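Biologist: I'm new to this one, so could you take me through the spot where the ligand sits? Just that part, please, but in detail.

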Amino acid sequence: MKKYIKKLISIPSILAISISLLTACSVPQSESTPSPSEKSANETVYAFVGKDIQNPYSQKVFEGFESACNEIGIEAIYKAPTSATADKQIEIINELIDNNVDGIAISANDADALESSLTEALNSGIEVISVDAPVNSISRKTHIQQADPEVLGRNFIKSAYDVSNGEGGFAILTSTGSAPNQNQWIRYLKLEIEENPEKYSNMPLIEIAYGDDDATKSYTETQYLLQNDAIKTIIVPTTIGLSSAAKALKESGKDVNLIGLGFPSELSEYIKDGTCDRLYIWNTTDLGYLTAYTLKALDENEITGSIGETFTAGSLGEKTITADKDNASEIILGDPIMFDRTNIDSLSDIY
Ligand code: RAM
């Protein structure tokens, strides 16, 4: 399975990993942190690095990641900073390099900022891939893409058009300014408008606000947006942002449309009472599961990460590596699922 002999992980460094996981990880220790006595020097370890530790989305992705690792018989560890910044992710990557893990899957807070540490990880023989929020193609073997970013970006504004009848300004409440996935979706949203100027002529983009994937900031930013009567629709392409925005909008009692990315389980109440009109999501647990199986295929030399290669991703079956929008390699999980009043209960026990 392993392409090279892994450096010995010393007991002090195992303890250091365990202690930092205990402080940094909000999932129970038993789910993500092995006790030192369970580890052996030749054990294979794959690390999932989330955007930030409070992010329930990252935690769900890790659940799938860990379950695939359990199936394969590999140790899964979960690391994430306390806020969605690249600096802290770089520290985590450097620590993972020092501990010579076998694979790193990362949801990036900033693609450019992570490039040098991830390149170092690759150069030291670690399999590096991104998931959810892509890193630059030079600093990864491939990217695990939840859904076609162009479809998502265009769907946001198409849905905003549907729910507002094409009338009134709109705002975007996004995560951080450097989030590679949100920025890509917003680029396609803008492209859809540019290509259909007539259709969207009565829907000006009034403002982009940044909730930083922080529930409190997302909530207060929504309150701020709601003070502007020109804003008739708010688009929120982040799960943390959407649940906070729904809360703020409901409390305000204002008649503003709301759409975005979110978990049916969290947003069900708001969809049913009309606060939130539509949301999109995909199977986040499967996303993590596919991520771990991709690391395994790379680690076992079944694939190199090149476009056109195929491999079996456990119960998800055969997956093919395809070209992303910049002709770099990616693996797409599937299509996004749209939820509204008609189907909100159908999957709320899963997501
Ligand atoms: C937030 C994060 C994540 C994104 C989801 C939909 O939790 O920003 O990166 O993909 O929303």
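Modeller: The space that the ligand takes up is the largest cavity (on a 1 Å grid over the protein atoms alone, a set of points where a 1.4 Å probe fits but cannot get out). Bear in mind that this is a predicted model, where local features need pLDDT of at least 70, side-chain atom pairs count only at pLDDT 80 or more, and totals for chains, interfaces and linings use all residues. Residues are numbered from 1 along each chain as its sequence is written, and side-chain values use heavy atoms, with hydrogens and water left out.

Around the ligand you'll find K51, N55, Y57, D132, Q146, N181, Q182, W185, D213, T238, T239 and L261 (each has a heavy atom within 4 Å of it). By type, that shell splits into 3 nonpolar, 6 polar and 3 charged residues. Helix α7, residues 180-195, gives the most to it, with 3 residues. Domain 1 (5-146 + 283-334) and domain 2 (149-281) each supply at least three shell residues; the bounds come from an automatic or database domain assignment.

Now for the polar contacts (pairs of N or O atoms within 3.5 Å). D132 has a polar side-chain atom 2.5 Å from a ligand oxygen, K51 has one 2.8 Å from a ligand oxygen, and a side-chain N or O atom of Q182 lies 2.9 Å from an oxygen of the ligand. As for cover, the protein hides 100% of the 290 Å² of accessible area that the ligand has on its own (Shrake-Rupley method, 1.4 Å probe).

Conventions. A polar contact is a pair of N or O atoms within 3.5 Å; within protein, one must be able to donate a hydrogen and the other to accept it, and residues adjacent in sequence count only if both atoms are side-chain atoms. On a 1 Å grid over the protein atoms alone, a cavity is a set of points where a 1.4 Å probe fits but cannot get out, and a pocket is an open set with protein on both sides within 12 Å along at least five of seven lines; lining residues have an atom within 4 Å of a point. A molecule sits in a cavity or pocket if more than half of its atoms lie within 2 Å of its grid points. Helices (H or I, at least four residues) and strands (E, at least two) are DSSP runs, numbered from the N terminus. Ala, Val, Leu, Ile, Met, Phe, Trp, Tyr, Cys and Pro count as nonpolar, Asp, Glu, Lys and Arg as charged, and the others, Gly among them, as polar.
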